[in-house]
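Q: I would like to learn how to read some features of a protein model. Could we go through them together, one at a time?

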Amino acid sequence: MNRAKKQPLILGIESSCDETAAAVIRGRELLSDEIASSAATQAKYGGVVPEIASRAHAEAVDEVVARALQSANVQKEELDAVAVTYGAGLLGALLVGLSFAKGFAYGLNIPLIGVDHIRGHLAAAYLEDITLEPPFLTLLASGGHTAILYAERADKFRVLGGTLDDAAGEAFDKVARVLGLPYPGGPHVEALAREGKPVVPMPKMLKGMGGYDFSYSGLKTAVINYVHTKEQRGEPWSRADVAASFQSAALDILVQKTIEGAHETGAKVVTAGGGVAANGYLREKLTKACAEAGFKLVLPIKKHCTDNAAMIASEGLVQYRLGHFSPMSLNAEASIPLRHSL
Ligand code: KG4
Ligand code: ZN
């Protein structure tokens, strides 16, 4: 077992929610990137049903991994390590991917690397630009977390600030529900917002003295109150305008705080990660703001913002290079506080 390879071949596996994903990288070069989703089945229930997700992973994981190896044109015996999400996420779902990865690594006598899902989202940018190195400023915006972070090293992040309550993705999902849109709400709100104008007044989101903290719960409540009041009074209102107004309120603050954070820390490079970073409005605004401020922006492709295995392999490479490997007793974690992830 050669643990010191410069460009190791790493298999990444992700199964924390409703996506069963597998990817192979050689160094930072992405060789394959496979995904199977139970989202269509889940959509009927208006959210992810944990047991359905677990069973779907159990059915799909072997085939998705086989596909990833095949499309990478790699024999499993050539692999140097298996990286797998161990948390946070749905326990049953995580255990399917984790147990599969353990068996795979054990059978091949190669190291197992347990990856924190959030660290995976942050490592997606390394695949987008293979020359990217810390320090850089990161906007993390997923279904569970929303924060502005400064990456001092690949394994050391400092939190500048973030949401004090709901995550951005969570707010999109809740607003989608109010607007009668299916789960997951983000892409549907984005599509509807394209047909509307941001003309509905939304509350200010900044909170606290830190300058980087904000709140989504007031914004969500404002949308709910607006819709209920209009309906009670029988007044006409535009779903598209509400979507556009919510979207710009929810995302403009992230762009603004990211740029402020880059100025304050002196970071010259900005990255982003997490499902909300797949939002076209956010991507456009961030691209423009970084260009105007003179920061280099490394924005992972949309597929690598939402859950995927390439980002897990990418963080696996970070851990591999640090010589951080996991014991076979590694367990799944349903929740990991952000400070432990960073
Ligand atoms: O990172 P992710 O795939 O899973 C977590 O680790 O949480 O993020 C999922 C979240 C969901 O709340 C989803 O609605 C949101 O990301 N999302 C979006 C978009 N695509 C996914 N939010 C806004 N616009 C999108 N296009
Ligand atoms: Zn995620």
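This is a predicted model: local features need pLDDT of at least 70, side-chain atom pairs count only at pLDDT 80 or more; totals for chains, interfaces and linings use all residues.

Q: Is Asn73 exposed or buried?
A: The cut-off to keep in mind is that exposed means over 50% relative accessible area. Asn73 counts as exposed because its relative accessibility is 69%.

Q: And what is phi at Asn109?
A: Asn109 has a positive phi as well, near 55°, and is a residue other than glycine. Asn109 lies in the loop between helix 3 (91-108) and strand 5 (112-116). With 56% relative accessibility, Asn109 counts as exposed.

Q: Let us turn to peptide bonds. Which form does the bond from Pro134 to Pro135 take, cis or trans?
A: In general, most peptide bonds are trans. The bond from Pro134 to Pro135 is cis, with omega near 5°. Pro135 belongs to the loop between helix 4 and strand 6 (136-141).

Q: What is omega for the bond that joins Tyr183 and Pro184?
A: Omega is about -10° there, and the bond joining Tyr183 and Pro184 is cis. Pro184 is located in the loop between helix 5 (168-178) and helix 6 (185-193).

Q: Now the metal. Which protein atoms are donors of the zinc ion (ligand 2)?
A: To read a metal site, begin with the donor atoms. Here the protein supplies NE2 of His117, NE2 of His121 and OD of Asp307, at 2.0 to 2.1 Å from the zinc ion. Along the chain, the spacing of the donors is H-x3-H-x185-D.

Q: Which parts of the chain do His121 and Asp307 link?
A: This pair connects distant parts of the chain, 186 residues apart. His121 is in helix 4 (residues 117-128), while Asp307 is in the loop between strand 10 (296-298) and helix 10 (310-322). His121 and Asp307 are both buried.

Q: How many residues surround ligand 1, and which are the closest?
A: There are 21 residues around ligand 1, and the closest are His121, Gly143, Asp173, Glu190 and Gly275.

Q: Which atoms lie 3.0 Å from an oxygen atom of ligand 1?
A: When reading such contacts, look at whether the side chain or the backbone takes part. For His117 it is a polar side-chain atom, 3.0 Å from an oxygen atom of ligand 1. For Gly169 a backbone N or O atom lies at 3.0 Å from a ligand 1 oxygen. Gly275 also brings a backbone N or O atom, 2.9 Å from an oxygen atom of ligand 1. Ligand 1 alone exposes 550 Å², and the protein buries 86% of that.

Q: To finish, what radius of gyration does the protein have?
A: The value is 20 Å, which agrees with the figure near 20 Å for a compact globule of 342 residues. The C-alpha trace spans about 70 × 45 × 30 Å along its principal axes. The secondary structure comes to 11 helices and 10 strands, and buried residues make up 55% of the 342 residues.

Note on methods:
Residues are numbered from 1 along each chain as its sequence is written. Chains are lettered from A and ligands numbered from 1 in the order in which they are written. Side-chain values use heavy atoms; hydrogens and water are left out. Donors are N, O and S atoms within 2.8 Å of the metal (3.2 Å for Na, K and Ca); water is not among the atoms, so sites may look incomplete. Helices (H or I, at least four residues) and strands (E, at least two) are DSSP runs, numbered from the N terminus. Buried means under 20% relative accessible area, exposed over 50%, partly exposed in between (1.4 Å probe, protein chains only). A residue is near a molecule or strand if one of its heavy atoms lies within 4 Å of it. A polar contact is a pair of N or O atoms within 3.5 Å; within protein, one must be able to donate a hydrogen and the other to accept it, and residues adjacent in sequence count only if both atoms are side-chain atoms. Accessible areas come from the Shrake-Rupley method with a 1.4 Å probe; for residues, only the protein chains shown count as cover. The radius of gyration is taken over C-alpha atoms; the globule rule is 2.2 Å times the number of residues to the power 0.38.
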